[in-house]
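Have a look at the structure first, then read on.

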Amino acid sequence: MKDALFQSIQLGSLTLANRIVMPPMTRSRATQPGNIANEMMAEYYAQRASAGLIIAEGTQISPMGQGYAWTPGIYTQEQIAGWKKVTDAVHQKGGKIFAQLWHVGRVTHPDNIGGEQPISSSALKAENVKVFIDNGTDEPGFVDVVEPREMTKDDIKMVVEQYRQAALNAIEAGFDGIELHAANGYLVNQFIDSEANNRTDEYGGSIENRLRFLGEVVEAMVDAIGAERVGVRLAPFTSLNGTVDATPVETYTAAAALLNLYKIVYLHIAEVDWDDAPETPKVFKTAVREAYQGVLIWAGRYNSERGEEAVVEGTADMIGFGRPFVANPDLPARIQHGYPLAAHDPNTLFGGAEKGLTDYPEYTA
């Protein structure tokens, strides 16, 4: 039981050393101008290479896909070269790393996308959602999002193509694979969730229609780089960034079944993780396990005990530990040996430099 998280596991052609995942966490430290991954980020990820799998922070697939200041992209040659520094550093430490491909849709502000109006499944503004912009200081300036315009069929085709190209770019940059960010209220999620999608064409209405965009994006990426290098992240019960689904169990069980058809290498589910959030229903976890046959990653309010339990009982194959990885670069060793965990400084999560990114030490007795 105690060693459940430290059994190796196959992920496509990769053999992972343990079941511990570093999930994607936005840190907003890309080099400007150009939103380019850099040496500082390479050091940060390399310090955490003892994770069985690292999923790098959300990376926009196009200028329109950017939701926040200072996040990295993966659509220019300079950005690909920047990420190559990161993947080389992680691989030199024996780690495995996937890129998370990201389009925020309506969760942005014109200041972050060259003055354009954001795009989404529908012309519905995300209520009570703020994003941060570069206000000329080191401190991000938070502003309300604006109303997006509904994507045309041509827009949809174009964005699917951007995802396909971003997947190819990620492999060129040396990533072991990619994760499609279809969670947390961003663009793909804006198609999936009923309350964010009021379309009347084949991309709206029924669950099957609302999952169509997800399927088209996944199909394009699987065709480009192979199913064994494509994972998907979903967030069935979160209302983050203003997306809510009326029937999440039904919708997301159908999503899991759809993704199983494409034989994606893993399904990564983000549970709601604020303090008084409801538990994810057990019946849903069982339904997902039945619908999807690949590697299942769960992330949320897991500590080592809950993570071990989930792996032993078979609801999960791997467990994502997010915030603990911020201040504990050697998190797997700390879990394995029962060492105490350091706490992170919330003031240094977004923006800034090395402080709060690469200066957290490994444990010494």
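Helices here are DSSP runs of H or I with at least four residues, and strands are runs of E with at least two, both numbered from the N terminus. You're looking at a predicted model, where local features need pLDDT of at least 70, side-chain atom pairs count only at pLDDT 80 or more, and totals for chains, interfaces and linings use all residues. Residues are numbered from 1 along each chain as its sequence is written, and side-chain values use heavy atoms, leaving out hydrogens and water.

**Helix 7 and helix 8**

- The axes (lines fitted to C-alpha atoms over the stretch in contact, with angles from 0 to 180 degrees between N-to-C directions) of helix 7 (residues 248-261) and helix 8 (residues 282-291) come within 8 Å and cross at roughly 20°.
- That angle makes helix 7 roughly parallel to helix 8, a label for angles under 35 degrees.
- Their crossing is right-handed, meaning the near helix is turned clockwise from the far one by less than a right angle.
- In the contact (heavy atoms within 4.5 Å), helix 7 brings residues including Tyr-252 and Ala-256, while helix 8 brings Phe-284, Ala-287, Val-288 and Ala-291.
- Sorted by class, this contact has 9 nonpolar residues, 2 polar and no charged; Ala, Val, Leu, Ile, Met, Phe, Trp, Tyr, Cys and Pro count as nonpolar, Asp, Glu, Lys and Arg as charged, and the others, Gly among them, as polar.

**Helix 1 and helix 2**

- Helix 1 (residues 39-47) and helix 2 (residues 77-92) have axes that come within 8 Å and cross at roughly 25°.
- So helix 1 also ends up roughly parallel to helix 2.
- Among the residues that meet here are Tyr-45 of helix 1 and Trp-83 of helix 2.
- The contact of helix 1 with helix 2 counts 8 nonpolar and 2 charged residues, with no polar ones.

**Pocket and cavity**

- On a 1 Å grid over the protein atoms alone, a cavity is a set of points where a 1.4 Å probe fits but cannot get out, a pocket is an open set with protein on both sides within 12 Å along at least five of seven lines, and lining residues have an atom within 4 Å of a point.
- The largest pocket holds about 1200 Å³ of space, where volume is the space filled by probe spheres set on grid points joined across faces, edges and corners.
- Its lining has 45 residues, with Pro-24, Met-25, Asp-273, Gly-322 and Arg-323 nearest the centre.
- The largest cavity has about 40 Å³ of space, and its lining splits into 2 nonpolar, 1 polar and 4 charged residues.

Technical notes: Angles under 35 degrees count as roughly parallel, over 145 as roughly antiparallel, 65 to 115 as roughly perpendicular and the rest as oblique.
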